[in-house]
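Me: I have a model open and would like to go through a few of its features with you. Could we start with the charged pairs, then look at helix packing and the surface?

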Amino acid sequence: MILSVAKSVYIISIAIKMVIEGTYIPFRQWAQINNYGDAYFVYGFLPRVQLYGNALLVFAFVIRFYKTKKIDICNIILLLGVCTAGNFSFLLGVVVFLAGYFLLSIDPKRIQPWKVMVLIVLVILLSIFSYYAFLEMGRKTDTGNALKIRQIKMLLDTNLLFGKGIASEVEANVLLGRLANANYYEMQTFYIFYQIGAIGIGLFYYITLSLCKKYGNNILGLYIIYLLYTFFNPYCFDTTQMISIVLLINIKGAPGYAKNYCNYNSLLSSQRKRRKYCINSQSGRYDLCSRQQ
C-alpha cells in the first residue's frame with residue numbers, strides 16, 4: 001500500500017510539472033524511451049501519466065477505502081493518482097465501487113440527512129462522469145475504439161470451445177502491421193479466449209470467483225469490480241491479476257486469523273483462571289489438582 005501511495009505521488013508530481021512547463025513532449029519521450037508507458041495532454045490541457053502498473057492504484061484505493069471506510073490523506077492521494085492516470089476503465093471501476101458501497105450502506109428505515117446529501121453529490125458526479133464518458137467515446141471513435149473492434153474480430157476467429165492452444169500465433173496480426181507472435185492487445189481477455197476458448201476461460205473465472213466467494217460476498221464484489229475495469233484494457237492475466245487475488249484474500253484472512261487468535265488466547269486465560277492447584281505430597285510443590293481431588 002505504501003508503494004501505491006508513493007507511485008500516486010510520483011505520477012501526480014509529473015502531471016503538475018507537465019502543466020507548469022506547458023508541454024508533454026519531453027515527458028512522453030522519457031516514458032517511451034525507457035518503456036515506462038506514456039504521458040500526454042487530453043483536450044489540450046488535461047495531463048495524463050499512464051505508466052505500467054497504474055492498474056494497481058485502482059485496486060489499492062478500493063481495498064484501502066473498503067478497510068478504513070473513511071476519506072483520509074492516503075485515500076485522497078490514491079484517488080488523485082487514479083484520476084491522473086486518466087484511463088476510462090480505471091475511473092469506471094472507482095465510480096462503480098463508490099456507488100455500490102454507498103448504496104449498500106443505506107438503511108431504508110433510517111435515512112439520515114447527510115446520506116441524502118452524499119447521494120445528491122454522487123448523482124452529480126455520475127452525471128459528470130457520464131458526460132466525460134461521452135466525450136471519450138467521441139475522441140476514440142476513429143482511433144482506439146476502431147482498433148479494438150478490429151482486434152476483437154480477428155481474436156474471435158478461433159475454436160470457440162477449446163481455442164487454438166496456449167501461445168498460439170494470431171496470423172491476422174499482419175493485417176494490422178504487427179508480428180504474428182505479438183501477445184499484447186487492447187482487449188487482452190479476448191486474446192486469452194483465442195488461446196483457451198470458452199471452456200478454458202470459463203474454468204478460470206469459475207475457480208477465481210469461487211476462491212473469492214469463500215471469503216465473503218464483499219470480497220467477491222471487489223474482485224468483480226477488478227474484472228470489470230481490466231476487461232477493456234490489457235491488464236488482466238498478468239502480475240496485476242495475481243497481486244489482486246493475493247490482496248483480496250489477505251483482506252479477509254488477516255483479520256479473521258487475528259480474531260481467532262485472540263479468541264483462543266482468551267479461552268486459555270479463562271481456563272487458567274478455573275484451574276485449581278494442590279500441594280503434591282511427594283515433591284511439596286503446587287501442581288494441578290486431579291479430578292478426583
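Me: Is Asp72 buried or exposed?

Reply: Asp72 is buried, since its relative accessible area is 16%, where buried means under 20%, exposed over 50% and partly exposed in between, with a 1.4 Å probe and protein chains only. Please keep in mind that this is a predicted model, in which local features need pLDDT of at least 70 and side-chain atom pairs count only at pLDDT 80 or more, while totals for chains, interfaces and linings use all residues. Residues are numbered from 1 along each chain as its sequence is written, and side-chain values use heavy atoms, with hydrogens and water left out.

Me: Which side chain does Asp72 meet in a salt bridge?

Reply: That is Arg64, with 2.7 Å from N to O; a salt bridge here is a side-chain nitrogen of Lys or Arg within 4 Å of a carboxyl oxygen of Asp or Glu. Arg64 is buried too, at a relative accessible area of 18%.

Me: How many salt bridges does the structure hold?

Reply: There are two. Arg28 and Asp38 also meet through their side chains in a salt bridge, at 2.9 Å from N to O. This pair links distant parts of the chain, with Arg28 in helix α2 (residues 25-33) and Asp38 in strand β1 (residues 37-42), ten residues apart; helices (H or I, at least four residues) and strands (E, at least two) are DSSP runs numbered from the N terminus. Arg28 is partly exposed at 26% relative accessible area, whereas Asp38 counts as buried at 16%.

Me: Switching to helices, how do α3 and α9 cross?

Reply: The axes of α3 (residues 55-68) and α9 (residues 217-231) come within 11 Å and cross at roughly 160 degrees, which makes the two helices roughly antiparallel. Axes are lines fitted to C-alpha atoms, for helices over the stretch in contact, and angles run from 0 to 180 degrees between N-to-C directions; under 35 degrees counts as roughly parallel, over 145 as roughly antiparallel, 65 to 115 as roughly perpendicular and the rest as oblique.

Me: And what about α1 with α3?

Reply: The axes of α1 (residues 2-21) and α3 come within 10 Å and cross at roughly 125 degrees, so this pair is oblique.

Me: Last topic, the surface: where is Ile207 found?

Reply: Ile207 lies in helix α8 (residues 188-213) and counts as exposed, at 55% relative accessibility.
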